[in-house]
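Welcome to this short tour. Open your viewer, keep the selection tool at hand, and follow along stop by stop.

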Amino acid sequence: MIFTPIAGGLGDVLTYFLDGELGYFRAAKRLGYTTKVVVWSVSDQARSVFEGHPDIDEIDMRAFAPVAHMTDIFRSYAASVVPQARLMTDTERAEIPWVRPEFHLTPDEAEIARRIEAGAPYVAVHPFAGKPERDLVRAGIARSVVEAAASDGRRVVVLGGDSLRNGRPIKESFESNNPNVISLVNKFSVRLQAHVASRAAKFIGSVSCYNCVAQSCGVPALVFGSAGNRYDMTHGGSVFKKMRDNGTPVHYLDRRPDLFGDLVREFCRDCR
């Protein structure tokens, strides 16, 4: 049995799902390997990303541990604490193809996704975040951002849902009377919402999990960051490096919120 270790918040998990070793598992299974993911996550929703996926035989969820942040030793640590399974070797990875995994949807979820994708191009908006200082609802701009995105008859799909982060409850809700706005908040799984984010014409949101999906999948994004994100945006790795590489515009929540509506409308102008 081979396994891949995954650690972090929900954004880290989704990024690794899309860009990590899981992309080798389909070919490995064809060669007779059994496969396993071992996940150390702060989010109770992480398991749903992998459930039912045909490339994964076993899911092992574990409590988050500080060592998961230590990227230089994390794989060695994982190899030492996961019995009856081993990491893939460099040789094995070099000899089999890597194919980006797709989110595995139930038949009902696939039908919801089909209906959303069958209409005009849409903007995915994720106004929430696991860290309060990044949350657009707490900042008081979530509704104005959504309404600006939906102006001129544009379709908008709002993402989000309740979760536990290191055991701390995070409550999220959003409803709109605008006929152009579809709220998936607290109605569907993380994997369906991640799929929807990956197929959007554009993405708007906080520095959070579905922004990670947009960055990995090349969806043009407009991001609102907290003051604490400034250093990360210029020096950080992982999703922050992807944002720099993708040229993602970032606007900070402590700067001129009265202009955010105009920024959103301009960003969405060519999405029809």
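**Stop one: helix α1**

In this predicted model, begin by selecting α1, where L10, G11, V13, L14, T15, F17 and L18 are buried. An α-helix has 3.6 residues a turn, so residues three or four places apart point the same way.

**Stop two: S41**

Next, select S41, which you will find in strand β2, residues 35–41. Is S41 buried or exposed? Its relative accessible area is 9%, and buried means under 20%, so S41 counts as buried.

Now show the polar atoms around the S41 side chain. A polar atom of that side chain lies 2.9 Å from the backbone oxygen of G8, and one lies 3.1 Å from the backbone nitrogen of S43. Leaving aside residues up to four places away in sequence, S41 touches G8, G9, V13, A46, R62 and F64. One of these, V13, takes you back to α1, where V13 is among the buried residues.

**Stop three: the whole chain**

Zoom out and colour by secondary structure: the protein chain has 12 helices and 12 strands. Its radius of gyration is 19 Å, close to the 19 Å that the globule rule gives for 272 residues, so the chain is as compact as a globular protein of that length. The C-alpha trace spans about 55 × 40 × 35 Å along its principal axes, and 52% of the 272 residues count as buried.

Finally, select the charged side chains: 34 are positive and 32 negative, with the centres of the two sets 2 Å apart.

Key
Residues are numbered from 1 along each chain as its sequence is written. This is a predicted model: local features need pLDDT of at least 70, side-chain atom pairs count only at pLDDT 80 or more; totals for chains, interfaces and linings use all residues. Side-chain values use heavy atoms; hydrogens and water are left out. Buried means under 20% relative accessible area, exposed over 50%, partly exposed in between (1.4 Å probe, protein chains only). Helices (H or I, at least four residues) and strands (E, at least two) are DSSP runs, numbered from the N terminus. The radius of gyration is taken over C-alpha atoms; the globule rule is 2.2 Å times the number of residues to the power 0.38. Lys and Arg count as positive and Asp and Glu as negative; His and the chain ends are not counted. The place of a charge is taken as NZ of Lys, CZ of Arg, CG of Asp or CD of Glu. A polar contact is a pair of N or O atoms within 3.5 Å; within protein, one must be able to donate a hydrogen and the other to accept it, and residues adjacent in sequence count only if both atoms are side-chain atoms. Contact means heavy atoms within 4.5 Å.
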